[in-house]
Amino acid sequence: DDNDQLPDTAPQEIKDYFAQTAILPAWADPDLIALGQQVYIRHGVWISLLLSYKSLPECYACAKGAEVLFHTARLNEHHGSLNAYSRRIAETAQFVFYAMKPGGLSSGGSGLRAAQKVRLIHAIIRYYLKQKSWDVATFNEPINQQDMAGTLMSFSALVLEGMEQLGIVLEPVEKEAYVHCWRVVGHIVGLHQDLIPENAADALKLGHAILDNQIAASEHSKALMKSLLDFQDKTSKPLFSQQGNIAMMRLMMGDTISDMLAVPPVDSKQVVKLGNKVRSIARIMEILDKSLILAMVVQFISKIGLQWMISRMTTTRIINFYLPKSLTQDWNTVKVKV
């Protein structure tokens, strides 16, 4: 787990930062958070699938935000090494797991601490990109509020949309609870209150509005997409073949965004066949989920499946959310806004 503590020798500013950002907003509802996290545990395998084949690549389709991912040394070490990319994806998956597992957002929870680290890393990335002559006029401020809101909506409301594509229908309160968890995460990572949607319906509208506003063709977006497909080809066996990964991308994103990201073509019949198969499996799991006893079995299998999927992403057992040397060598002289 991500349970490391700050050393006694840490700068006072850092100690103050972690203390202040650990305070949840007054509107945070412990009961809704707990229910949202139960939704994740029950449907975690499907949520992880959607994050990999829908949410993340749709973020790549937002050209300006993708530019940050491509150019940041933090995210592209060793000139695009697949090992570094694997660690990045594994960290993202681990972050979601930490935040959405029961107790993850409570005081001292692993999700709370991970979100605090993400906010700190974002601040340092902003500082260094602008020191390296980041083109604000062309690409806007790096990791700006709209980019952050779009990412959070893709991890929450757009995931719920994807679940409906798979035939998984949640109760209205379950949708609100799941989105509520990500509203809290948004607060922790520094999203302005006026960009935190009040409910699941507003979250879906905001997610689509940002996607529609930001979507654009980009060579760097295509490069990120290629890296993601290479990564999936390496880690998804034996569940999916190379053609299966392509079909899943097109099933989840549709042809318009897939074409924009240069996802290779695949026989449309294969996409339809895969969709029918996935929805059949989801339907069976939903039936089991309605049984009290069998639901416990499904939750156990889901949790094991989640951990297995994350373990397949990297050979590193613990995800540290560390700051690389390129971002820490001048730490003592850098003051950044978080």
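User: Which residues does Tyr178 touch, not counting residues up to four places away in sequence?
Analyst: Keep in mind that this is a predicted model. Tyr178 touches Gly36, Val39, Tyr40, Ile47 and Met100, and also Phe155, Ser156, Val159 and Leu160.

User: And which residues touch the most other members of the largest nonpolar core?
Analyst: Tyr178 is one of them, along with Trp182 and Met248, in a core of 82 residues. Helix H2, residues 30-60, gives the most to this core, with 12 residues. There is also a second, separate core of 6 residues, which includes Ile14, Tyr17, Phe18 and Tyr128. As a general point, nonpolar side chains in soluble globular proteins tend to be buried together.

User: How do H2 and H9 cross?
Analyst: Their axes come within 8 Å and cross at roughly 100°, with H9 covering residues 172-188. Since angles from 65 to 115 degrees count as roughly perpendicular, H2 is roughly perpendicular to H9.

User: Which residues meet there?
Analyst: From H2 you have Leu32, Ile33, Leu35, Gly36, Gln37, Val39, Tyr40, Arg42 and Ile47. From H9 come Val173, Glu174, Ala177, Tyr178, His180, Cys181 and Val184. By type, the residues of this contact divide into 11 nonpolar, 3 polar and 2 charged.

User: What about Gly44, buried or exposed?
Analyst: Gly44 is buried, with a relative accessible area of 0%, and lies in helix H2. The C-alpha atoms of Gly44 and Lys101 are separated by 9.6 Å, and these two residues are 57 residues apart along the chain.

User: Changing topic: how many disulfides does the structure hold?
Analyst: The count is 0 disulfides.

User: Now the backbone. What is the phi of Asn140 near?
Analyst: Phi of Asn140 is near 65°, a positive value in a residue other than glycine. Most residues other than glycine have a negative phi. Asn140 is in the loop between helix H6 (136-139) and helix H7 (145-155), and is partly exposed, with a relative accessible area of 28%.

User: And where is Ile143 found?
Analyst: Ile143 is found in the loop between H6 and H7, with a positive phi near 45°. Ile143 counts as buried, at 13% relative accessibility.

User: Last one, zooming out: how many helices and strands does the protein chain come to?
Analyst: The secondary structure comes to 16 helices and 0 strands. Of the 338 residues of the protein chain, 52% count as buried. Among contacts with a separation of 6 or more, residues 24 or more positions apart account for 78%.

Methods. Residues numbered from 1 in each chain as written. Predicted model: local features only at pLDDT ≥ 70, side-chain atom pairs only at ≥ 80, totals over all residues. Heavy atoms only, no water. Disulfide = S-S within 2.5 Å. Core = buried A, V, L, I, M, F, W, Y, C linked by side-chain atoms within 4.5 Å. Buried < 20%, exposed > 50% of the residue type's maximum accessible area, 1.4 Å probe, protein only. Helix = DSSP H or I, 4+ residues; strand = E, 2+ residues; numbered from the N terminus. Contact = heavy atoms within 4.5 Å. Axes fitted to C-alpha atoms, helices over the stretch in contact; angles between N-to-C directions. Parallel < 35°, antiparallel > 145°, perpendicular 65-115°, else oblique. Nonpolar A, V, L, I, M, F, W, Y, C, P; charged D, E, K, R; others polar.
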